[in-house]
Amino acid sequence: MLNDPKNYSENIKPFQPKIPYFMNCLKAFLVGGFICLAGQCFQTLYISLFHFTKQTAGDPTAATLILISSLMTGFGFYDKLARFGGAGSIVPVTGFANSITSAALEHKNEGVVLGIATNLFSLAGAVIVFGVVSAAVLGMIRLFIEQIF
Amino acid sequence: MSKVRKQTWRFDHPIYLAATGTAVGPLEARGPLSGNFDKAYNSLNCGEKDWIEAERALMRRAISYCLAKAGKQEGDMDLFLAGDLTDQTVTSNFIAKENRVPFIGMFGACSTSMETLAAGAQLVDSGYADNVLCAVSSHNATAERQFRNPTEYGGPLNLTQTFTVTGAGAAIVTKERGKVRVCEATIGRVIDWGIGDPNNLGSAMAPAAADTIWTHFQDTGRVPDDYDLIVTGDLSSVGTPILKELLIEKGLDISNVHQDCGLMIYSSDQPVGAGGSGCACSAVVTYGYLYKRLAEGSLKRVLVVATGALLNKATPKQKDTIPCIAHGVVLETAKEGDQ
């Protein structure tokens, strides 16, 4: 019986499209893996050509991926990649860059200060907040453990 | 002016659409209804510098085609009834500033198309206006920004998610004889059956559409076969089977005559998720394709039920469920000797 307002959300379940979890995972694996492969290539390149160490090559590698992702966002490719790749393109640093660049583009016409600067982290803000908070909490735990032992 | 039972108006005088005008974006122009629209833009920005301006250009263009086809000027219009999906319906407000016609802004989310038409026909019928200009618009990018994420933000398209139609539709309602007649309107109630997912509006709106269609048949005493077509606004591939099932359970089978504008406007190979949505979805299908077929007589009587989800960006996050509405308008081919 579909005409039952109280249990409607339960009763319409047979009408909802099935989520293709396996294909979504496979696509995310391929796209995410490709982005990580590109990152690895840049890192190797920076180590072999510019005398970076494995530790110091991380910064220019991330910067390169961010630059490419931001340019792809501006040219309108990244959202199409993400529509295919799902979590595979959201989770890496390129997805973070996309969330910032897309917000900047969206609010460009509201001005540099009140538009771009105010809304730059409208999506990425949550990542930053929880990144900073969890880093602080874990830092405290580590300090505490080191004091005991 | 007569009220038929609880929710339906049957207009006393013959009320006509003097003309209609439509403008659409690139994706809609490549869809199955291509060729039924007056203006198709090649790019989503419609030659303007940002999305807000692009949506205004769509509405401005739809109205100018409408006025030109009716052979009328802006000054001939007594009232301008318009709405859209942007905050405080600014697209309509700014167009009203340009055309200087006395303005009533309306909002019923995606049901605004039939809300403005029903109200316009009622005002002409009751004699408060001779010519009413009705218009609505929606733009994929302004709606994305309004209700979801920045346009270029990358995320997977949910299977139940709809795709806002870029376009605008306008119509002039008058007592002067035209080719298509506005006969009745059924004003919907707000229905909320507890769906809170803003990415599943088809499921949320189906009970509202079912309520309005059921009430329409109760009020008029007709049966589905009295209509050549019953179209809903934007229930999409998810809400459409739910609507049919809801009505079949109550003993009303519209399967043979029902279509959904959100499924008519795009072909299945276009990347639009579950189908089209937005004010312009029902407006450009009705004022473009259906108007043409009613005018030539290949459809004689059509019930257009525009569906709207009355949420904003904050309400789903506050765990509110989504109130929905649907308004129906009956359009008929004008006959000789209509009185």
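Among contacts in chain B between residues at least 6 apart in sequence, what percentage join residues at least 24 apart? In this predicted model, the value is 79%. The corresponding value for chain A is 55%. The two chains are described in turn below, followed by the contact between them.

Confidence was considered at the outset. Chain B has a mean pLDDT of 95. In that chain, 99% of residues reach 70 or more. For the complex, the predictor reports an ipTM of 0.86. The pTM is 0.93.

Chain B contains nine helices and 14 strands. Its 339 residues give a radius of gyration of 18 Å. This agrees with a compact globule, because a globule with that number of residues would have a value near 20 Å. Along the principal axes, the C-alpha atoms of chain B fill a box of roughly 55 × 50 × 35 Å. Buried residues account for 57% of the chain.

The domain assignment divides chain B in two. Domain 1 covers residues 12-174. Domain 2 covers residues 180-333. The centres of domain 1 and domain 2 of chain B, taken over C-alpha atoms, are separated by 18 Å. Contact between the domains involves 50 residues of domain 1 and 53 residues of domain 2. On the domain 1 side, several elements of chain B each supply at least two residues. Among them are the strands β2 (8-24), β4 (79-84), β6 (131-138) and β8 (167-174). The helices α1 (26-29), α4 (112-125) and α5 (140-147) are also included. By class, this side of domain 1 has 27 nonpolar residues, 20 polar residues and three charged residues.

Helix α2 of chain B spans residues 51-70. From its first C-alpha to its last, this 20-residue helix reaches 29 Å. That span is close to the 28 Å expected at 1.5 Å a residue. The helix is mostly covered, with 15 of its 20 residues buried. B:G71 follows α2(B). The phi of B:G71 is positive, near 65 degrees.

Strand β6 of chain B holds B:A135. B:A135 has 33 other C-beta atoms within 10 Å. B:A135 therefore counts as buried, since the cut-off is 20 or more. Residues up to four places away in sequence aside, B:A135 touches B:M59, B:A62, B:I63, B:A82, B:A168, B:G169 and B:A170. B:A135 and B:G21 lie 114 residues apart in sequence. Their C-alpha atoms are 9.1 Å apart in space.

Chain A was examined next. It has eight helices and zero strands. Read along the sequence, its pattern is α-α-α-α-α-α-α-α. The radius of gyration of chain A is 21 Å. A compact globule of 149 residues would instead have a value near 15 Å. The C-alpha atoms of chain A fill a box of roughly 70 × 50 × 40 Å along the principal axes. Of the 149 residues in chain A, 23% count as buried.

A:P60 gives a local view of chain A. This residue is found in helix α3 (residues 58-74) of chain A. A:P60 has 15 other C-beta atoms within 10 Å. A:P60 is therefore partly exposed, because that count falls between the exposed limit of 12 or fewer and the buried limit of 20 or more. Beyond its neighbours within four places in sequence, A:P60 is in contact with A:Y46 and A:F52. A:P60 and A:F42 are 18 residues apart in sequence. In space, their C-alpha atoms are 8.5 Å apart.

The last point is the contact between the chains. Chain B contributes 25 residues and chain A contributes 30 residues. On the chain B side, α6 (201-220) and α7 (236-249) are the elements that give two or more residues. The largest share, six residues, comes from α7(B). By class, the chain B side divides into 12 nonpolar, seven polar and six charged residues.

Conventions. Residues are numbered from 1 along each chain as its sequence is written. Chains are lettered from A and ligands numbered from 1 in the order in which they are written. This is a predicted model: local features need pLDDT of at least 70, side-chain atom pairs count only at pLDDT 80 or more; totals for chains, interfaces and linings use all residues. Domain bounds come from an automatic or database domain assignment. Two residues are in contact if their C-beta atoms, placed from the backbone, lie within 7 Å. Helices (H or I, at least four residues) and strands (E, at least two) are DSSP runs, numbered from the N terminus. Ala, Val, Leu, Ile, Met, Phe, Trp, Tyr, Cys and Pro count as nonpolar, Asp, Glu, Lys and Arg as charged, and the others, Gly among them, as polar. The radius of gyration is taken over C-alpha atoms; the globule rule is 2.2 Å times the number of residues to the power 0.38. The expected span of a helix is 1.5 Å times one less than its number of residues. pLDDT is the predictor's confidence in each residue, from 0 to 100.
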